[in-house]
Amino acid sequence: MFGVGLTVVTLLASRYPDSPVFVDELDIVVTIRPDVSLKGYNDYFMPDTVIYIGDRGDELSLIDERRILSLVNDNLQSYGWQKEADPEENGSDVLVFVTVLNNSQSGVIWWDWWGWWPGWGYPCYPGYPGYPGWGGGAVYSYEVGTILIEMIDPAQSADGDNESYLFLWEAAMNGLIQGSNVETRYTDGINQAFDDSPYLAR
Amino acid sequence: MKIRNIKITVLSIAAAMMTTLGVQAQSHVELSYQTALPLGELSDAVGNFSGRGVGLEYQYLVDDELAIGLKLGWNVFQDVGPDNGLYETESNGAALTIRGKRYHYVNAIPIMANVTYYFGTDDLDIRPLFSLGVGGMVIEERVDIGLFTSTERNFHFGLSPKIGVDIPAGSVSLVPSVTYNFAPPSKDSITYQYIGFNLGIKF
């Protein structure tokens with residue numbers, strides 16, 4: 001009798017609360033703003049390609065890459081940022097990178113100074129740093145397919161050896177190139193990241 | 001200790017009670033299904049009525065009217081935020097915004113010594129009862145947003161008065177009851193309080 005009672009009570013109580021069912025329920029948009037003033041930063045340079053980290057091979061189509069870069073450009077310019085047309089000659093106040101993480105990462109949301117990633121070999125314009133590596137504290141594990149948008153100040157080196165740079169802003173959109181409705185999700189995610197960062201307005 | 005392990009432990013203790021003590025005339029074991037209504041700050045955090053709870057109580061009858069014992073419980077509260085909710089936080093001097101669907105769970109696990117007073121005499125078919133549980137409450141709060149997970153677990157002082165009715169039903173009794181569960185803040189936590197509506201089977 002007690003066993004029956006135990007079973008009944010356990011069954012009644014054991015249905016655990018709702019949890020995410022669909023992949024888009026795990027979508028998140030994170031923005032990070034270090035305690036650094038953005039005063040005086042007005043123009044930017046952004047490489048004309050998306051950078052992939054990892055070897056999963058889940059890359060975006062060229063069309064999607066261009067859409068993403070175009071979305072970032074449009075949002076920056078709507079906030080009053082000016083795209084530097086001749087970065088080789090004039091430099092720019094900030095560098096903006098769009099990255100897709102193509103393998104599972106642990107602790108990829110960092111702020112603080114960015115460190116050079118030796119051997120990365122990103123084809124930068126002369127006078128610009130290569131793609132920075134990461135050197136801060138880890139708080140989070142990313143899903144495969146996460147899109148990062150990062151902004152750094154290439155003129156401010158943390159240690160004077162041009163191996164780390166001042167980090168100004170980051171947006172992370174978790175796992176958006178995975179699952180279905182990819183275009184809608186990354187479009188909404190990128191626009192949302194900028195909407196949540198009104199301090200970027202010039 | 002993970003919640004799943006706590007659940008297994010509670011059930012194991014129930015089985016052990018039955019095995020080692022048996023259902024003797026001077027002692028009882030009450031097993032209950034519990035629902036709960038969060039109050040105060042807990043209601044602000046997870047306002048939904050909870051239909052997920054279980055309780056286990058051992059009573060040793062000192063005399064016909066008084067029983068002492070132990071009780072364990074487990075109530076789960078949850079709240080699901082909007083699809084694209086905005087949450088702001090700070091870490092290492094940086095301001096973070098997080099947009100996403102938030103799942104907020106609160107697990108409350110009272111572990112208390114218990115005194116129960118039965119009104120009337122044993123001749124009565126139905127006996128009202130009052131009990132007071134004093135001890136501790138383990139509270140685990142978990143917030144999930146996407147793959148972000150934040151878990152905080154604290155041990156609180158706990159108090160749990162209860163009123164109910166003991167209704168004989170063959171070889172067992174049915175015990176509908178209402179409890180008020182109170183756990184004051186521990187560290188920086190909120191005050192946890194909720195009213196439990198329980199249906200117990202007393203063996």
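Visitor: Are helix 2 of chain A and helix 4 of chain A roughly parallel or roughly perpendicular to each other?
Guide: This is a predicted model, so the answer rests on computed positions. The axes of helix 2 and helix 4 of chain A come within 10 Å and cross at roughly 20 degrees. Angles under 35 degrees count as roughly parallel. Helix 2 of chain A and helix 4 of chain A are therefore roughly parallel.

Visitor: In which hand does helix 2 of chain A pass helix 4 of chain A?
Guide: On the helix 2 side, the residues that meet the other helix are Asp64(A), Arg67(A), Ile68(A), Leu71(A), Val72(A) and Asn75(A). On the helix 4 side they are Glu183(A), Tyr186(A), Thr187(A), Ile190(A), Asn191(A) and Phe194(A). By kind, the residues of this contact are six nonpolar, three polar and three charged. The crossing of helix 2 of chain A with helix 4 of chain A is right-handed.

Visitor: Which residues does Val72(A) contact, leaving aside neighbours within four places in sequence?
Guide: Val72(A) is among the core residues that touch the most other members, and Val72(A) also takes part in the meeting of helix 2 with helix 4 in chain A. In soluble globular proteins, nonpolar side chains tend to be buried together. With those sequence neighbours set aside, the contacts of Val72(A) are Met46(A), Val96(A), Val98(A), Ile149(A) and Ile190(A).

Visitor: How many residues are in the second, separate core?
Guide: Members of this second core include Val76(B), Ala108(B), Val138(B) and Tyr192(B). The core is separate, and its number of residues is 18.

Visitor: Is Gly200(B) buried or exposed?
Guide: Gly200(B) lies in strand 10 (residues 192-202) of chain B. Leaving out residues up to four places away in sequence, Gly200(B) touches Glu30(B), Leu31(B), Ser32(B), Val175(B) and Ser177(B). A residue needs 20 or more other C-beta atoms within 10 Å to be buried. Gly200(B) has 25 such neighbours, so Gly200(B) counts as buried.

Visitor: Is Lys187(B) buried or exposed?
Guide: Lys187(B) sits in the loop between strand 9 (172-183) and strand 10 of chain B. Lys187(B) has 8, so Lys187(B) is exposed.

Visitor: What value is phi of Lys187(B) near?
Guide: Most residues other than glycine have a negative phi. Lys187(B) is a residue other than glycine with a positive value, near 55 degrees.

Visitor: What percentage of the contacts in chain B between residues at least 6 apart join residues at least 24 apart?
Guide: Chain B has two helices and ten strands, in the order α-β-α-β-β-β-β-β-β-β-β-β from the N terminus. Buried residues make up 36% of its 203 residues. For the contacts in question, the share in chain B is 58%.

Note on methods:
Residues are numbered from 1 along each chain as its sequence is written. Chains are lettered from A and ligands numbered from 1 in the order in which they are written. This is a predicted model: local features need pLDDT of at least 70, side-chain atom pairs count only at pLDDT 80 or more; totals for chains, interfaces and linings use all residues. A nonpolar core is a set of buried Ala, Val, Leu, Ile, Met, Phe, Trp, Tyr and Cys residues joined through C-beta atoms within 7 Å. A residue is buried if 20 or more other C-beta atoms lie within 10 Å of its own, exposed if 12 or fewer, and partly exposed in between; C-beta atoms are placed from the backbone. Two residues are in contact if their C-beta atoms, placed from the backbone, lie within 7 Å. Axes are lines fitted to C-alpha atoms, for helices over the stretch in contact, and angles run from 0 to 180 degrees between N-to-C directions. Helices (H or I, at least four residues) and strands (E, at least two) are DSSP runs, numbered from the N terminus. Angles under 35 degrees count as roughly parallel, over 145 as roughly antiparallel, 65 to 115 as roughly perpendicular and the rest as oblique. A crossing is left-handed if the near helix is turned anticlockwise from the far one by less than a right angle, and right-handed if clockwise. Ala, Val, Leu, Ile, Met, Phe, Trp, Tyr, Cys and Pro count as nonpolar, Asp, Glu, Lys and Arg as charged, and the others, Gly among them, as polar.
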